[in-house]
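Welcome! Take a moment with the picture, then read on.

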2 protein chains.
Amino acid sequence: MKNGGKAAETRKKLLDAGLKLISKRGYLGATTKDIAKKAGVAELTLFRHFSSKEILFREIINSYTFLPALKGLMPEIKNLEYRDAMLLIADRFLGRLYERRDLIRIMQSQMHLYPSKVKDIYQNFIGEIYQTLASYFRELQDGGPLRDFDPEYGARAFLGMFFSFFTVQEIMFRKDAMPLEEGKVKTEFVDIFIRGTVR
Amino acid sequence: MKNGGKAAETRKKLLDAGLKLISKRGYLGATTKDIAKKAGVAELTLFRHFSSKEILFREIINSYTFLPALKGLMPEIKNLEYRDAMLLIADRFLGRLYERRDLIRIMQSQMHLYPSKVKDIYQNFIGEIYQTLASYFRELQDGGPLRDFDPEYGARAFLGMFFSFFTVQEIMFRKDAMPLEEGKVKTEFVDIFIRGTVR
DNA sequence: AAGCAATGTTAGTGCTTACTAACTTTAGCA
DNA sequence: TGCTAAAGTTAGTAAGCACTAACATTGCTT
């Protein structure tokens, strides 16, 4: 392994440690000393890789920005029935949220520090999902099985149910209050979204 | 006005200023100096009312805890049609969220600092709403117009749509991205919840 | 008018933080 | 073996933080 490879490895360790600590304690609560310790390097090494704490934070946000999560799913979905498609989308969406829970925690708690940056990320992630889902609805409305509701609002309603569930379960209380079972959440929410609640 | 009245007034000003600043900058980001300044008093006065910053924070959380928001609505609701009832609930719920947006911001970002305290508050507020709504569903299922879904999950789905909408709109971006119109949100979300999305 | 509770003013303490300087140690590669 | 990039070690700085001491001032109540 080259020397450059070692530096890149250290850099990665610092980004990982920073992500976890900041998501846990907030930007101000996570000290450079602790981040370095968690990464297993000297504090000075942190500053050799990132000239300030703020730059480290920016790099964390950048490097962990997630790629589109749903777009690649669309071809696959068009061959499914409506209900199965929605179940799949719910599954992937929740999965993505779980994968990125640290980043989401940061977004929710550090929004005030870097509003524009975090906004960009949010729009990359959630915004793209909204659009994809809304256009899927549009197709199914045009001569398809769906009634005439506003697709944008529908996408927000659907994803909002799951996002809120995720927030309560994972961000606010770590599993120890108001537990709902994940599998049942998917089917119940999807059924409500499809059939509504009246007989 | 008595002297005690003046002290109580100062105390209130400090609680108000603390709520706003902490909700904006976080617990660590809001300094006692700034809180006192915002309240229009000397920093020392803050410490004469609250012996430490942490105690000030606790008092803020305590004093702004909201009372049950939906329970009092139930008698009123039983005379309404299902759709009108759900619209009213949506309206009150969203209204309550707007009223308490500062506290909710704190809950979302400072959860990790005081998990048990904030958890209590959350359960007072949201938990009670869930229960109330779930039992309303139960009644309407028993020989009423509602089909047989799990009422707990239904309550979470319904309130989750609105909570998520509120979060995105008010907490994450202050109105400047992905705007949905509030009135339309209520009717679209309620209609989806009632009728679903298929024809 | 006098007393007293509440607040202001000024100056400070000790601690922690982000960040730096100067020098040493390690480990891969020519 | 010796060069070099990368990291370690130690010791520090300046600034900001929560919080305190000592004393002066305000204004309501009687």
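Let's start with the fold of one chain. Chain A has ten helices and zero strands, so its pattern along the sequence reads α-α-α-α-α-α-α-α-α-α. Please keep in mind that this is a predicted model. Taken along the principal axes, the C-alpha atoms of chain A fill a box of roughly 65 × 40 × 30 Å.

**Inside chain A**

Helix α7 of chain A spans residues 101-110, helix α9 of chain A spans residues 151-172, and the two pack with their axes 12 Å apart at an angle of about 95 degrees. Because angles of 65 to 115 degrees count as roughly perpendicular, that is the word for how α7(A) lies to α9(A). From α7(A) come Arg101(A), Ile104(A), Arg105(A) and Gln108(A), and they meet Phe163(A), Phe166(A), Thr167(A), Glu170(A) and Ile171(A) of α9(A). Sorted by class, this contact of α7(A) with α9(A) holds four nonpolar, two polar and three charged residues.

Over all chains, the count comes to 26 salt bridges. One of them joins Glu59(A) and Arg11(A). These partners sit in distant parts of the chain, 48 residues apart: Glu59(A) belongs to helix α4 (residues 53-63) of chain A, and Arg11(A) to helix α1 of chain A.

**Where chain A meets chain B**

How many residues of chain A are in contact with chain B? There are 58, and they touch 58 residues of chain B. Between them, the two chains bury about 5300 Å², with 62% of it on carbon and sulfur atoms. Arg147(A), Tyr153(A) and Arg156(A) supply 16% of the area that chain A buries against chain B, more than any other three residues.

Across this interface there are two salt bridges and 26 residue pairs in polar contact. On the chain A side, the elements giving two or more residues are α1 (3-29), α7, α8 (115-141), α9 and α10 (182-195). Of these, α9(A) gives the most, with 14 residues. By class, the side of chain A that touches chain B has 28 nonpolar, 17 polar and 13 charged residues.

| Glu59(A) | Arg11(A) | 2.8 Å |

**The α9 crossing**

Now return to α9(A), this time with its counterpart in the other chain. The axes of α9(A) and helix α9 (residues 151-172) of chain B come within 7 Å and cross at roughly 90 degrees. That makes α9(A) roughly perpendicular to α9(B).

Which residues meet here? In α9(A) they are Arg156(A), Ala157(A), Gly160(A), Met161(A), Phe163(A), Ser164(A), Phe165(A), Val168(A) and Gln169(A); in α9(B) they are Arg156(B), Ala157(B), Gly160(B), Met161(B), Phe163(B), Ser164(B), Phe165(B), Val168(B) and Gln169(B). The contact of α9(A) with α9(B) has ten nonpolar, six polar and two charged residues.

Phe163(A) is a residue to look for in the picture: Phe163(A) takes part in the contact with α7(A) and in the contact with α9(B).

Definitions and conventions
Residues are numbered from 1 along each chain as its sequence is written. Chains are lettered from A and ligands numbered from 1 in the order in which they are written. This is a predicted model: local features need pLDDT of at least 70, side-chain atom pairs count only at pLDDT 80 or more; totals for chains, interfaces and linings use all residues. Side-chain values use heavy atoms; hydrogens and water are left out. Axes are lines fitted to C-alpha atoms, for helices over the stretch in contact, and angles run from 0 to 180 degrees between N-to-C directions. Helices (H or I, at least four residues) and strands (E, at least two) are DSSP runs, numbered from the N terminus. Angles under 35 degrees count as roughly parallel, over 145 as roughly antiparallel, 65 to 115 as roughly perpendicular and the rest as oblique. Contact means heavy atoms within 4.5 Å. Ala, Val, Leu, Ile, Met, Phe, Trp, Tyr, Cys and Pro count as nonpolar, Asp, Glu, Lys and Arg as charged, and the others, Gly among them, as polar. Buried area is the accessible area (1.4 Å probe) that two parts lose on being put together, summed over both. A salt bridge is a side-chain nitrogen of Lys or Arg within 4 Å of a carboxyl oxygen of Asp or Glu. A polar contact is a pair of N or O atoms within 3.5 Å; within protein, one must be able to donate a hydrogen and the other to accept it, and residues adjacent in sequence count only if both atoms are side-chain atoms.
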